[in-house]
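Please look at the sequence and the model below before reading on. The report that follows goes through the strands, the ligand shell, some backbone angles and several residues.

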Amino acid sequence: MFQNSSCFTPNLQPAGLYIHIPFCVKKCPYCDFYSITNGSLHPAFMDALISEMRMTRDPNLMFDTLYMGGGTPSVLDSKTIGKIIEAARQSYEILPHAEITLEVNPGTVSLKQFEEYRCSGVNRINIGVQSFDPVNLQFLGRIHSVRDAHAAVTWAQKAGFENLGLDLIYGIPDQTKKSWLRDLKLAIESEPRHLSCYILSFEPGTPLYRDRQEGRLKPLAELQVCELFETTLEFLSNHGYVQYEISNFARKSMTRSGLTDADRNRSRHNMKYWKFVPYIGLGPSAHSFLDPKRYWNCEDVKKYIQDLEAEKLPRAGVERLSMEQLMIEAIYLGLRQTKGILIDVFDKKFAVNFKAIFKKVIANLEVRGLIVLSRNRCALTSKGMLYLDSIAAMFI
Ligand code: SF4
């Protein structure tokens, strides 16, 4: 269907910079993000990271987001975080109004640390609270207590971070609607601008996955998970949060003109992943996307350090996406967002007629109440959101 990628126009939006800090105090049994617990490699990792920045400098790109995730970036002190931001500014054009986010584990911070992070240039904090229930925290193998979670939120706000996001996990075995509602209530008490509510997943290779496979753990029934998802949407919508992606919600806030505007409280960085905007990922296991190319780094801190010491980029793979692959990606990413796939943008980008080529699939999904089609949008219903993967596969 596609001859070449010449119909593809370059994306002129500022890019995103992601930095993967591959260290954690302890591995959580549900997590499949790459990280290690050996802190002795911090200094060598820092040198390697700065080399990677120097080697991947791109004068054609400017960035309006810098996101330090992991792993647990808050295992690094504020001086080190400041050094990372400074080095990024030296290698890349980071715009003055850039959103600079730091992911924080409540078990690793203090008020002083938050104050210092703020001085070092961080202007957005995302706290991995996960739950305000001690039983859930224990099940998730988190290093922090409920008290640590509350303290981290209070300290971040006391230190002046207005742009605050919290992560929560639900769908935990034996979790009830009542207990999940309690988590949500406690989460919104501090009025964070952003909430990410993730359904617990059983990722292959994790201890939690093995426990389930070997019958030591009984996951929550699908019907109950669906009920918790519906509860999340209803509760957050009733309390001033707008869902903009399957798991992400932004608080409505008043603008100067008196209108409510949840757009500015979205995670500007994560929006880049869903909107096909270029991003560069640094650090072990980080992925980059420079349309139409995708590449990713090795998942091994030692190898990452060795490669960069030898002035070699720590690449584990690279692929040039074909127009078909880009189209599949556009469908998958579009359906994740409540706005859905913007049909005119899609048609222009891929030189196709979306409604015509997917007529049968759309009709099938519409009848089942999984998708809504309007003049210019194709979006999942809340029921459809629970089946994103299988719905996206139907388009493929
Ligand atoms: S702290 Fe975060 S990154 Fe580290 S193991 Fe736990 S969930 Fe994964």
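Does Gln 337 count as buried or exposed? Gln 337 counts as buried, at 8% relative accessibility. Here buried means under 20% relative accessible area, exposed means over 50%, and partly exposed is in between, with a 1.4 Å probe and protein chains only. The model is predicted, and local features need pLDDT of at least 70, side-chain atom pairs count only at pLDDT 80 or more, and totals for chains, interfaces and linings use all residues. Residues are numbered from 1 along each chain as its sequence is written, and side-chain values use heavy atoms, with hydrogens and water left out.

**Gln 337 and helix α11**

Gln 337 lies in the loop between α11 and β15 (341–342). Helices (H or I, at least four residues) and strands (E, at least two) are DSSP runs, numbered from the N terminus. Leaving aside residues up to four places away in sequence, Gln 337 touches Tyr 244, Glu 245, Met 271, Trp 274 and Lys 275. Contact means heavy atoms within 4.5 Å.

Helix α11 covers residues 323–336, and its 14 residues should span 20 Å at 1.5 Å a residue. The expected span is 1.5 Å times one less than the number of residues. The end C-alpha atoms of α11 are 20 Å apart, which agrees. Among the buried residues of α11 are Met 323, Leu 326, Met 327 and Ala 330.

Strand β1 (residues 15–21) and β2 pair in the parallel sense over seven bridges. Two strands pair if DSSP finds at least two bridges between them. Ile 21 has Gly 70 of β2 as its bridge partner. Strand β2 (residues 62–70) is mostly covered, with eight of its nine residues buried. On to the next pair: β2 and strand β3 (residues 93–104) are also parallel, over six bridges, and Met 68 has Leu 102 of β3 as its bridge partner. The chain goes from β2 through helix α2 (residues 78–91) to β3 in a right-handed β-α-β crossover. A crossover is right-handed if, with the strands pointing away from the viewer, the path from the first strand over the helix to the second runs clockwise. Another right-handed β-α-β unit is made by β1, helix α1 (residues 42–56) and β2.

**The ligand shell**

Residues that surround the ligand include Cys 24, Lys 26, Cys 28, Gly 71, Asn 105 and Arg 142. A residue is near a molecule if one of its heavy atoms lies within 4 Å of it. The shell divides into four nonpolar, three polar and three charged residues. In this division, Ala, Val, Leu, Ile, Met, Phe, Trp, Tyr, Cys and Pro count as nonpolar, Asp, Glu, Lys and Arg as charged, and the others, Gly among them, as polar.

**Backbone angles**

Most residues other than glycine have a negative phi, and most peptide bonds are trans. The table lists some exceptions.

| Site | Feature | Value |
|---|---|---|
| Gly 70 and Gly 71 | cis peptide bond | omega about 25° |
| Asp 291 and Pro 292 | cis peptide bond | omega about 0° |
| Gln 130 | positive phi | near 70° |
| Glu 191 | positive phi | about 50° |

Gly 71 lies in the loop between β2 and α2, and Pro 292 in the loop between β12 (287–290) and β13 (293–297). Gln 130 lies in strand β4 (residues 124–130) and is buried, with a relative accessible area of 8%. Glu 191 lies in the loop between α6 (177–189) and β6 (194–199).

**An antiparallel sheet**

Three strands form an open, antiparallel sheet in the order β15-β17-β16. Its edge strands are β15 and β16 (371–373), each pairing on one side only. β16 and strand β17 (residues 377–380) pair over three bridges, and Leu 373 stands opposite Cys 378 in β17.

Ile 280 lies in strand β11 (residues 279–282) and is buried, with a relative accessible area of 1%. Beyond residues up to four places away in sequence, the contacts of Ile 280 include Gly 16, Leu 17, Phe 63 and Tyr 295. Lys 272, in helix α9 (residues 268–274), is buried with a relative accessible area of 5%. With the sequence neighbours up to four places away again not counted, Lys 272 touches Pro 14, Ala 15, Gly 16, Asp 64, Thr 65 and Val 277.
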